[in-house]
Amino acid sequence: DSLQIAGYGLTEFQTSGRLLTGFTSIEEVSQDFIVTLFGRMESNSCSGDSGGPAIGSYRDLEGNTRSGIVGITSTGTSATCLFGDRTFYINLQSAEVVEFIQRHVR
């Protein structure tokens with residue numbers, strides 16, 4: 001599966017401040033995170049993108065496939081954000097995350 005990502009963070013030219021979007025492949029999904037591995041034909045999140053959306057497909061309560069924000073950009077394993085970087089997105093389908101959001105957003 002893949003995610004569409006968006007953010008205002010650093011580019012490969014070390015500039016920022018302009019909204020960019022791209023696609024990346026999901027490597028792993030855990031209770032807390034959706035993890036991607038930056039490869040040559042994909043995009044990556046970098047410094048300044050934290051809090052930005054990760055848009056993907058999910059199944060709603062009725063079992064229908066929908067598209068929407070499934071993750072929020074959190075962190076990566078490389079400060080340079082180059083090939084091989086693993087990026088972590090908060091998994092918005094996690095029960096703890098849903099409970100946190102429901103407690104704080106009303």
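This is a predicted model: local features need pLDDT of at least 70, side-chain atom pairs count only at pLDDT 80 or more; totals for chains, interfaces and linings use all residues.
Residues are numbered from 1 along each chain as its sequence is written, and side-chain values use heavy atoms, with hydrogens and water left out. Local features need pLDDT of at least 70 and side-chain atom pairs count only at pLDDT 80 or more, while totals for chains, interfaces and linings use all residues.

**View A. Salt bridge between Glu 27 and Arg 86.** A salt bridge is a side-chain nitrogen of Lys or Arg within 4 Å of a carboxyl oxygen of Asp or Glu; by this rule the count comes to three. In the pair Glu 27 and Arg 86, the closest N and O atoms are 2.9 Å apart. The pair links distant parts of the chain, 59 residues apart: Glu 27 lies in strand S2 (residues 20-29) and Arg 86 in strand S6 (residues 86-91). Strands (E, at least two residues) are DSSP runs, numbered from the N terminus.

**View B. Network of salt bridges linking Glu 27, Glu 28 and Arg 86.** Arg 86 also meets Glu 28, at 3.2 Å from N to O. Glu 27 is partly exposed at 39% relative accessible area, as are Glu 28 at 37% and Arg 86 at 27% (buried is under 20%, exposed over 50%, partly exposed in between; 1.4 Å probe, protein chains only).

**View C. Salt bridge between Asp 60 and Arg 66.** The closest N and O atoms of this pair are 2.8 Å apart. Asp 60 counts as buried, at 17% relative accessibility, whereas Arg 66 is partly exposed at 41%.

Terms used. Helices (H or I, at least four residues) and strands (E, at least two) are DSSP runs, numbered from the N terminus.
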